[in-house]
Amino acid sequence: LLLARMPGGLVIKPIDGSHGRDVIVIVAYDAALGRLQRADGSELALDQLVAKLDESAEGWVVQERIVQHPNLAALHPQSVNTARLVTLCSDDGVPAVIAGVLRIGTGDSEVDNTTGGGIVANVDLATGRCGPAISRYRVAEHAVHPQSGEQVAGFELPFWAQVTSEVIRAHRLLPF
């Protein structure tokens, strides 16, 4: 079974999905009981998962679950909280990071998408420090995470210099 080969867990997404809909994050598998533990803390029987996967004619993407940095996990452990950076080439052809945000899950959600209730904080490009987070659907700022109580405003993304360097390097590899 694939789950036995990936002890860190699996992420299962619909091939034609978007906005984090129908994503299933499996963090543990009890082979003796045929039970799966999801990142949101709920349990799922293996036969229930198989039935759900059979419902889609389009298919699924199955990926090894990423284990995020402990500082990011402290914000919201059920989801992988992701930094999104935008790069652009200047007229001289040199790429630069021009914008960045940190997406953070909320509640029991296994995704950090704002359409799934997540919050998003702007990132200071020079320091990797976050401002307060905002929600897509509520006019409110969150200096601290609404569930974990962890500080969002002032949160420093781990390995920021390395992250920006790698993003610029990746941009250079793209031919367009």
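How many bridges join E6 to E7? In this predicted model, residues are numbered from 1 along each chain as its sequence is written, and local features need pLDDT of at least 70, side-chain atom pairs count only at pLDDT 80 or more, and totals for chains, interfaces and linings use all residues. Side-chain values use heavy atoms, with hydrogens and water left out. Eight bridges join E6 to E7, and the two strands run antiparallel. Helices (H or I, at least four residues) and strands (E, at least two) are DSSP runs numbered from the N terminus, and two strands are taken to pair if DSSP finds at least two bridges between them.

The protein contains four helices and 10 strands. From the N terminus on, these elements follow the order α-β-β-β-β-α-β-α-β-β-β-β-β-α. The C-alpha trace spans about 55 × 40 × 30 Å along its principal axes. Of the 176 residues, 34% are buried, where buried means under 20% relative accessible area, exposed over 50%, and partly exposed in between (1.4 Å probe, protein chains only). Among the contacts with a separation of 6 or more, 46% are made by residues 24 or more positions apart; contact means heavy atoms within 4.5 Å.

Axes are lines fitted to C-alpha atoms, for helices over the stretch in contact, and angles run from 0 to 180 degrees between N-to-C directions. Within the sheet, strand E2 (residues 24-30) and strand E3 (residues 35-38) pair in the antiparallel sense over four bridges, and Tyr29 stands opposite Leu36 in E3.

A further open sheet is formed by five strands in the order E6-E7-E8-E9-E10, again with antiparallel pairing. Its edge strands are E6 and strand E10 (141-142), each of which pairs on one side only. Ala83 stands opposite Leu102 in E7, and Leu102 in turn stands opposite Ala121 in E8. E7 and E8 pair in the antiparallel sense over four bridges. Four bridges also join E8 to strand E9 (residues 130-135), running antiparallel, and here Ala121 stands opposite Ala133 in E9. The hairpin of E8 and E9 has six residues between the strands, and Gly128 takes a positive phi near 80 degrees in it. E8 is mostly covered, four of its five residues being buried.

The loop between strand E7 (95-104) and strand E8 (119-123) holds Asn113. This residue is buried, with a relative accessible area of 14%. Leaving aside neighbours within four places in sequence, Asn113 is in contact with His19, Gly20, Arg103 and Gly118.

Helix H4 lies across E6, E7 and E8, running at about 45 degrees to E6. The 14 residues of H4 (residues 160-173) should span 20 Å at 1.5 Å a residue, and the end C-alpha atoms are 20 Å apart, which agrees; the expected span is 1.5 Å times one less than the number of residues. Trp160, Thr164, Ile168 and His171 are the buried residues of H4. Seen down the axis of H4, these residues fall within an arc of 70 degrees, so they line one face of the helix; the arc is that of the directions from the helix axis to the C-beta atoms. An α-helix has 3.6 residues a turn, so residues three or four places apart point the same way. On the other side of H4, Gln162 and Leu173 are exposed. The cover over the buried residues of H4 includes strand E6 (82-89), E7 and E8.

The largest nonpolar core has 13 residues, of which Leu75, Leu102, Phe155 and Leu157 touch the most other members. Two or more residues each are given to this core by helix H3 (70-75), E7, E8 and E9, and the largest share, three residues, comes from E8. A nonpolar core is a set of buried Ala, Val, Leu, Ile, Met, Phe, Trp, Tyr and Cys residues joined through side-chain atoms within 4.5 Å. Not counting residues up to four places away in sequence, Leu157 touches Leu72, Ala83, Leu102, Val123 and Gly128. Apart from this core lies another, of nine residues, among them Leu10, Ile24, Leu36 and Leu49.
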